[in-house]
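Please read the points below with the sequence and the model open beside them.

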Amino acid sequence: MYDIVDDKRRTKMVHCLESFGTRVQKSAFEGFLTKTQYDKMIHKCKNFIDPKTDSLRIYIVEKFINTYSFGVDKRKKFDCIII
């Protein structure tokens, strides 16, 4: 999830996150990534954050512990879920 005040940086963040996951709400994405993909995502996302005004929050749910999904769920099993 992100909170970015600048429209240009926000748009760049959206495009970056869309390349790693699926948008589930306006500023929330869900991705099923390997460790390598996660590292690459973090490296790219840091370029779009101004630490004085913006925030990016990443919640890692490992091994699908206490993760529930209702409706269609076509997830593959990965080491962790990045929300």
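1. At what angle do helix α1 and α2 pack, and how far apart are their axes? Helix α1, residues 7–18, packs with α2 at an angle of about 170°, and the two axes are 10 Å apart; the axes are lines fitted to C-alpha atoms, for helices over the stretch in contact, and the angles run from 0 to 180 degrees between N-to-C directions. The two helices, α1 and α2, are therefore roughly antiparallel to each other, given that angles under 35 degrees count as roughly parallel, over 145 as roughly antiparallel, 65 to 115 as roughly perpendicular and the rest as oblique. The contact (heavy atoms within 4.5 Å) is made by M13, C16 and L17 on the α1 side and by M41, K44 and C45 on the α2 side. Sorted by class, the contact of α1 with α2 has five nonpolar residues, no polar ones and one charged residue; here Ala, Val, Leu, Ile, Met, Phe, Trp, Tyr, Cys and Pro count as nonpolar, Asp, Glu, Lys and Arg as charged, and the others, Gly among them, as polar.

2. A note on the basis of these values. The model is predicted, and local features need pLDDT of at least 70 while side-chain atom pairs count only at pLDDT 80 or more, although totals for chains, interfaces and linings use all residues. Residues are numbered from 1 along each chain as its sequence is written, and side-chain values use heavy atoms, with hydrogens and water left out.

3. Which residues of helix α2 are buried? In α2, which spans residues 35–45, the buried residues are Y38, M41, I42 and C45; buried means under 20% relative accessible area, exposed over 50%, and partly exposed in between, with a 1.4 Å probe and protein chains only. Because these residues cover an arc of only 100° around the axis, they fall on the same side of α2, the arc being that of the directions from the helix axis to the C-beta atoms. On the other side of α2, T36 and H43 are exposed.

4. C45 deserves a separate look. This cysteine has its place in helix α2 and is buried, with a relative accessible area of 1%. Leaving aside neighbours within four places in sequence, C45 is in contact with M13, C16, L17 and L56. One of these pairs, C45 and M13, is 32 residues apart in sequence and 6.4 Å apart in space, C-alpha to C-alpha.

5. How many disulfides does a search of the whole structure find? The search finds zero disulfides, a disulfide being a pair of cysteine sulfur atoms within 2.5 Å. For C16, which is itself buried with a relative accessible area of 8%, the closest cysteine sulfur is that of C45, at 3.7 Å, and this is too far for a bond.

6. Two further residues of α2 can be read against F20. Not counting residues up to four places away in sequence, Q37 touches F20 and F32; Q37 and F20 are 17 residues apart in sequence and 7.7 Å apart in space, C-alpha to C-alpha.

7. N47 is found in the loop between α2 and β4, the latter at 55–56, and at 56% relative accessibility N47 counts as exposed. N47 and R9 are 38 residues apart in sequence and 8.8 Å apart in space, C-alpha to C-alpha.

8. Finally, the chain as a whole. The secondary structure comes to two helices and six strands, where helices (H or I, at least four residues) and strands (E, at least two) are DSSP runs numbered from the N terminus. Along the sequence, the pattern reads β-α-β-β-α-β-β-β. Of the 83 residues of the chain, 27% count as buried, and among contacts between residues at least 6 apart in sequence, 51% join residues at least 24 apart.
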